[in-house]
Amino acid sequence: MQSNLSQWTRLLAILLLSGASGSCLEGDVTGVRPIGISLTAEATSAAVGQSVTLRFEATGTDMLGVLFDWGDDVVDSVTAGEQVLEMSGPMTHTWGSVGTYVVTGTVETARLGVASDEVTIRIN
């Protein structure tokens, strides 16, 4: 009886482990994650020299990375690793002049092209 229980335990463990590595993708037959990005500013106005933090969430099959155009001739980027489907996190920037800046975040994928989102920041 002990050996039968061991066989069932091993079978159950194999079944559980084989299902644990899969991910739930939209269009799971093709394995394609739709491309998209969203930007959220912690503050939409700040003083000159004060940092503003944006949070971003980007998705897309075969993502290459995300570019951030801060609207003041400064561009930052985050490079994706191999086979990345999602990226998120904070990005911080400081402006040196008074003005209204449109910050653009752009996600680029090898398969699906690009998608962008914008947020406006006012510097006083």
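How many bridges join strand 3 (residues 51–59) to strand 6? Select these two strands to begin: 9 bridges join them, and they run antiparallel. The model is a predicted one, in which local features need pLDDT of at least 70, side-chain atom pairs count only at pLDDT 80 or more, and totals for chains, interfaces and linings use all residues. Residues are numbered from 1 along each chain as its sequence is written, and side-chain values use heavy atoms, with hydrogens and water left out.

Two terms are needed at the outset. Strands are DSSP runs (E, at least two residues), numbered from the N terminus. Two strands pair if DSSP finds at least two bridges between them.

Within the pair already selected, find Glu-57, which stands opposite Ser-88 in strand 6. The 3 strands form an open sheet in the order 1-3-6, with antiparallel pairing. Strand 1 (36–41) and strand 6 (86–94) are the edge strands, each pairing on one side only.

Begin at strand 2, which pairs with strand 8 (residues 113–123) in the parallel sense over 2 bridges. Here Ser-45 stands opposite Arg-122 in strand 8. Proceed to strand 7, which is joined to strand 8 by 11 bridges and runs antiparallel to it. A hairpin of 3 residues connects strand 7 to strand 8, and Val-103 stands opposite Val-119 in strand 8. Finally, select strand 4 (residues 63–69): 5 bridges join it to strand 5, and the two run antiparallel. Phe-68 has Asp-76 in strand 5 as its bridge partner.

**The aromatic residues**

Display the side chains of Phe-56, Phe-68, Trp-70, Trp-95 and Tyr-101, which form one aromatic cluster. The structure holds 4 aromatic pairs; rings of Phe, Tyr and Trp (its six-membered ring) pair if their centres lie within 6.5 Å, and planes under 30 degrees apart count as stacked, over 60 as edge-to-face and the rest as tilted. The ring centres of Trp-70 and Trp-95 are 5.9 Å apart and the planes stand at 75°, so this pair is edge-to-face. Trp-70 lies in the loop between strand 4 and strand 5, and Trp-95 in the loop between strand 6 and strand 7 (99–109), so the pair ties together parts 25 residues apart in sequence.

Are these two residues buried or exposed? Trp-70 is buried, at 0% relative accessibility, and Trp-95 is buried as well, at 1%. Buried means under 20% relative accessible area, exposed over 50%, and partly exposed in between (1.4 Å probe, protein chains only).

Definitions and conventions: Helix = DSSP H or I, 4+ residues; strand = E, 2+ residues; numbered from the N terminus.
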